Amino acid sequence: MAPSLSVKDLITVDPGLPNQHPTQSHWQHIPHALSNTQSPSLPQKTDIAIIGSGITSLSVCKTLLESHPSMTITLLEARALCSGATGRNGGQLATNAGEEYQHLARTHGAEMAGKIVQFTWDNLQRMRTLSLTYAGETSELQDVQKLRVFLTSKVFKRFKDSMDMLETDHPSFRGTYTIVSAEELKTKQEYNISGAGGALLPAGTIWPYRLVTTTFASLLDKYKSRISIETHTPVTAVNYTTEESSCHPYILHTTRGTLRAGKIAYCTNGYSGHLLPRLRGLIYPFKGTMTVQVPGAAAPNRGEYLSWGFHYPAVYDACSMRYAAGLYYLMQNAKTGYYYFGGEDTRVDLCLSADDSRIDEDLVQKLQAKSVFVGDESQGHEPRTLVSAWTGVMGFSADGMPVVGQLPSSLTGRKGEGEYIAAAFNGYGMANCLLSGEALAKMMLGEGVSEWLPAAYGIHDGRLKELLTVDHAVRSFERHT
């Protein structure tokens with residue numbers, strides 16, 4: 001039965017607080033020692049309050065601690081440490097900026113589009129460095145090539161046009177992508193895939209939960225007098241008053257009491273609209289579905305050198321409310337050989353949802369039965385064995401760009417200039433979060449970041465009037481009708 005709510009209704013509803021009983025992510029099946037850490041009592045005041053505990057929060061926290069000699073930080077997490085999108089994603093270090101370049105250039109101009117592409121590549125390199133520095137083998141970092149497979153000729157042509165434009169406008173990116181023909185996809189043993197064409201690009205795979213929790217542990221050990229991590233401490237409301245303290249004017253109400261802060265960093269992604277109602281529809285939750293599956297005994301393990309994305313035309317049917325996002329994503333664990341396979345093809349109300357305690361069992365069965373490689377066990381045989389299935393709530397924005405910057409009072413509804421946000425990574429957090437968090441921390445310290453943070457990510461009047469609007473978000477769905 002189709003839902004009665006429209007897309008506009010779904011993206012503007014209050015996302016609420018993270019559900020306290022989410023589906024179990026395989027990434028988190030062995031909890032870190034800090035998973036449920038908290039102080040005996042909530043601190044009374046802090047210089048910076050960071051809401052959230054994923055890769056963005058980690059980046060903000062790490063940058064502030066390393067850049068300021070005495071600043072105190074309290075990190076507030078509604079559930080267990082790293083239990084949100086970072087601990088529920090597809091495990092791939094890859095950018096889609098090349099595929100999106102044509103759209104980016106038409107919307108923002110060639111110069112800004114090139115800056116966005118470069119930012120995502122720089123971010124992925126920094127992710128690799130962070131992993132090698134703090135996590136070592138724990139994060140199971142693999143340098144691979146990502147094989148993007150385009151299942152229809154129309155989608156493949158759109159990609160090639162985008163890449164041609166990128167390489168023409170920015171010659172330094174020539175050779176980054178290697179085109180693979182339909183014949184090569186099907187006949188080369190290392191590919192063994194049917195499609196209209198493909199492209200290889202440098203990428204990686206990682207165990208993101210382990211990277212974040214291990215790095216937080218290192219920070220807590222090094223800066224233990226300046227950082228407090230408070231899990232299972234949801235923030236329920238924020239107020240502003242200078243009556244009792246001009247240095248700590250923000251009052252954060254939590255289930256464990258109140259905390260006064262000098263500034264606030266919202267790293268709340270798809271849940272941002274709960275504490276910031278004026279952002280609803282500008283930033284909205286999008287729920288993804290992930291599985292871990294056991295391939296057939298004859299399937300080779302390509303996890304040391306390949307990951308995959310399968311692209312098809314996105315579809316939104318306003319009558320049935322079916323939404324197919326246009327992408328399936330797959331990585332293979334180099335140790336176990338398990339497939340980590342995800343993608344969305346379900347009712348739109350099940351996608352535009354902040355409830356990661358629910359999963360669409362029909363979609364899980366589709367992912368189990370989905371043909372991956374030519375002649376694999378899913379074609380006409382029993383579905384692959386399911387190890388785990390879960391959902392995760394991402395943050396999407398009305399214009400498809402991250403939202404990074406200082407929040408004006410027109411969006412907070414409060415006086416003061418101490419509220420900041422880094423959210424809405426539109427399914428590509430691993431290519432955006434780390435540097436976005438670093439940029440946010442630099443802004444909070446009064447430092448400039450305009451040379452390297454794309455202005456298209458910022459919060460300014462032009463964006464709020466034209467692109468970052470509810471109507472623009474709705475039209476982005478309707479164009480797939």
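A crossing of two helices is right-handed if the near helix is turned clockwise from the far one by less than a right angle. In the predicted model considered here, helix α2 passes helix α12 in a right-handed crossing. Helix α2 comprises residues 55-67 and helix α12 residues 433-444; their axes come within 7 Å and cross at roughly 45°. That angle makes α2 oblique to α12. On the α2 side, the contact is formed by Ile55, Thr56, Ser59, Val60, Thr63, Leu64 and Ser67, which meet Cys433, Leu434, Gly437, Glu438, Leu440, Ala441 and Lys442 of α12. Sorted by class, the contact of α2 with α12 contains 7 nonpolar, 5 polar and 2 charged residues.

Helix α3 (residues 101-108) packs against helix α5 (residues 153-169) at an angle of about 60°, and the two axes lie 7 Å apart. From α3, the residues in contact are Tyr101, Gln102 and Ala105, while α5 supplies Asp161, Ser162, Met165, Leu166 and Asp169. The contact of α3 with α5 has 4 nonpolar, 2 polar and 2 charged residues by class.

The largest cavity holds about 30 Å³ of space. Its lining is made up of Ile11, Val13, Pro15, Gly270, Gly273, Arg280, Gly281, Ile283, Tyr284 and Pro285. Strand β11, which spans residues 283-294, gives the most to the lining of the largest cavity, contributing 3 residues. By class, 6 nonpolar, 3 polar and 1 charged residues line the largest cavity.

The lining of the second largest pocket divides into 5 nonpolar, 9 polar and 2 charged residues.

Key. Residues are numbered from 1 along each chain as its sequence is written. This is a predicted model: local features need pLDDT of at least 70, side-chain atom pairs count only at pLDDT 80 or more; totals for chains, interfaces and linings use all residues. Side-chain values use heavy atoms; hydrogens and water are left out. Axes are lines fitted to C-alpha atoms, for helices over the stretch in contact, and angles run from 0 to 180 degrees between N-to-C directions. Helices (H or I, at least four residues) and strands (E, at least two) are DSSP runs, numbered from the N terminus. Angles under 35 degrees count as roughly parallel, over 145 as roughly antiparallel, 65 to 115 as roughly perpendicular and the rest as oblique. Contact means heavy atoms within 4.5 Å. Ala, Val, Leu, Ile, Met, Phe, Trp, Tyr, Cys and Pro count as nonpolar, Asp, Glu, Lys and Arg as charged, and the others, Gly among them, as polar. On a 1 Å grid over the protein atoms alone, a cavity is a set of points where a 1.4 Å probe fits but cannot get out, and a pocket is an open set with protein on both sides within 12 Å along at least five of seven lines; lining residues have an atom within 4 Å of a point. Grid points are joined across faces, edges and corners, and a volume is the space filled by probe spheres set on the points.
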